[in-house]
Structures are given as C-alpha cells and as structure tokens.
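Subject: Structure for you to look at

Hello,

Here is the structure I said I would pass on. Please open it next to this email and follow along.

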Amino acid sequence: MKKMKKQLINLLNIQAPSGQEHKVVKYVKPILESLCDRVWLDDYRNILAEKRVGSGKGATIILSAHMDSVNGLVPGREVKEIDGTFYSSKGILGADDRAGIAILLAVLRNVEKTCFEGTIKVAFSREEEIGCVGSSQIDKEWIEGSDLAIVVDRRGNNDIVVGNWSQAFCSDEVGTFFEECAAMQDMSWSAVEGGISDACTFAELNVNSVNLSAGYMNEHTPREYVVLEDMKKTVSLILQAFALVNDFVDTFGDVPAYNRWIQDLDKWYRDYSEFDEYDDYNQIWSGEDTFGSVSASVAGDYVNILQNCDDGSREEVYLSQEAFEKIIESYERRVKGERFDEEKAVIRVYEETVESTGKDSF
C-alpha cells in the first residue's frame, strides 16, 4: 500500500475547492488511464471510466468519490504525518474526499487479484460539497442498470451508510452483505444512517448504494485528520465485496423506500406531527458558525436546532429537552475539565519556577 500513501499525500497537496477541481483531474486522469480500459470527462467535467475484469460476464459495480473539498485550505500549508496519521499544519486537510479517491485507486490496482469478473464503472465527481451537483449531471443511462454503487466518502473507519433521514440507499440484503464481508476480514463494520453523499444520486436511479468510511475524521475543520491504516481496511472490505458479489447480486433487489436501518418516512412524520401544534418557537440562541447561521428554539417539550448553511442548504433536528440537557452537561464537563487541566499546568510551572529560582517570575 506504499503507492496509496504516496498518492494520498499528492492528492492532499492539491487545492481544489468546489468548482476548481481541474488540478485533481490533471493528476488523477493519467492514473486511471493506466488502470482502466476507457477514461473520459463528461460534459460537466466529472471523470468517468470503465474497466472490464476477467470475462466481464458478471456484476456492474460503480466506484465513486468526489474531487472537490470545502473552502478552508490555507495556501502554503503543509501536510504533516505522525505514525501514519496525516493532518494539516493550518486549516483543513481535505481528506474529505481525497482519501476516498486514493482508496478507490488502490482497489482498481488490486481488484484482479480477486475472483471478480464483471464491469467496473468509476465516477470521480465535481462539486459534491455544494449539493452533489457533479453526480447529478452524470448521464443517467450510464448509471442505470448498474448492480451496485460503492461510494467512499464517510468519516470514521467502520460505517456502511445505507441511507439518510430522507431515503434508503439500498436493500436490507446489501447492508447485510457488506457487514458479512467485513466479518470475513475479522473487521467490525456496521450498517448505519448517514448524511448526504453521491450515494443519494445513484440510489435515486434505483442502484443499490452504500457509502463507506474513508478513514478521515473532523472533516471541514482545522482538526481534520486521516489514518492510513483505516484507509487500508476500507480497501480490504471493498476487495472482499468484489470477491463475493457475483454470488449475491441476484438477491439485492430494487432500492426500497426504507430498509431495516432507515425508518419509514411516513412513520417519521407521524411521530413528529405533534410539532405542528406549535405556532411559535421560543428562540433561546442564535449565531454564526463555520457553515452559516444557527438557531436553537424550544418547541413544547422539544428543542429545535436549525442551521442555514452558506451553500443554501438547510439542516434541522429535533431533540427532547432531556437529550439536549445531557449534551450540554457532557460538553460542559469536558470543557471545564480541559480548563481545569490547563490551570493545574500553569500552577505546576509556577511552583517549579519558584522552587528552582526562588523568584516569583510571574
């Protein structure tokens, strides 16, 4: 996996926020041309590719990651490494989703070592961070009819995202298939609910899709980092899936409205229909954060948190007051604990200074 590490570092050193992905295209396209049978840019300048493996008489699998990052890359910043963990000297790292690209390039280099026979389609999209714009522009006929889409654009190291609050990405059989593939590698991955990714685009076209962890954490913030060993685990999971997919693909079925991990949306709306009785919300806080304006309001026995993002999107969540209070208590304990540790450190330095010099240098 030395090549994956090298390519990850190269990708992390490319600055390409949404709409400025051309430098990633310039780097990735020649690599794909060495790994695939056909590579091209579509009308929206997404990179698309196809690779026939073995006889080609098997499943058609889409591999997908996105080329853009959020704004926040600091010019001249350095990519640092400590024991296989990469972080930025200043500003965001951009491992979301350069790590996903590096992982999928490693998969393409190694897929012929499995017993997979079939067709691989690659989609490296533009402008995912501003609403999956690039993937929505891909020729629908090219996507439709595929048996499975594997997106690598999830934080952490053991998540199989099978849907979000508004849609299921895949059937129960697909989620279970990936959990069992992980178990065969002695890894503990779980099907979970996630957020918005290019998996949304593929699922809407009735292609069973999952979004896998890419090994990064704290994306979109200066605290972002990515762990190489976790990336390797994602490569192993995908290769295991390729080895077995032709034996299970006929069981996958169509993309359902909901699956065992993603609840029935009608039930969700019924459960929360009580919110409609509150005409007025008692706002308890409002302000700005990294992504846009945020407000918190009390609605009956619930707390409503609303974020209006700078990209025009809107996120909203309801919490019971009990859950909200527990979050606040937990946060306060952590922050007060950190401040207490800092105070103890200052006092310790002061005491050691006085002891060694006999003078109060403070």
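The second largest pocket holds about 290 Å³ of space. A pocket is found on a 1 Å grid over the protein atoms alone, as an open set of points where a 1.4 Å probe fits, with protein on both sides within 12 Å along at least five of seven lines; lining residues have an atom within 4 Å of a point. The volume is the space filled by probe spheres set on the points, which are joined across faces, edges and corners. This is a predicted model, in which local features need pLDDT of at least 70 and side-chain atom pairs count only at pLDDT 80 or more, while totals for chains, interfaces and linings use all residues. Residues are numbered from 1 along each chain as its sequence is written, and side-chain values use heavy atoms, with hydrogens and water left out.

Strand 17 (302–309), strand 18 (314–320) and helix 10 (321–357) each give at least two residues to the lining of this second largest pocket. Strand 18 has the largest share, 4 residues. Helices (H or I, at least four residues) and strands (E, at least two) are DSSP runs, numbered from the N terminus. Among the lining residues are Ala 296, Gln 307, Glu 315, Glu 316 and Phe 324.

Next, helix 1. Its buried residues (under 20% relative accessible area with a 1.4 Å probe, protein chains only; exposed is over 50%, partly exposed in between) are Met 4, Gln 7, Leu 8, Leu 11 and Leu 12. They fall within an arc of 135° seen down the helix axis, so they line one face; the arc is that of the directions from the axis to the C-beta atoms. Lys 2 and Lys 6 are exposed on the face turned away from the buried side. Ile 9, also in helix 1, is partly exposed, because its relative accessibility is 26%.

Is strand 12 (residues 209–213) enclosed or open? It is largely enclosed by the rest of the structure, since 5 of its 5 residues are buried. Strand 12 pairs with strand 7 (residues 148–154) in the parallel sense over 5 bridges, and with strand 8 (residues 159–161) in the antiparallel sense over 2 bridges. Two strands pair if DSSP finds at least two bridges between them. Ala 149 has Ser 209 as its bridge partner in strand 12, and Ile 160 stands opposite Leu 212.

Regards
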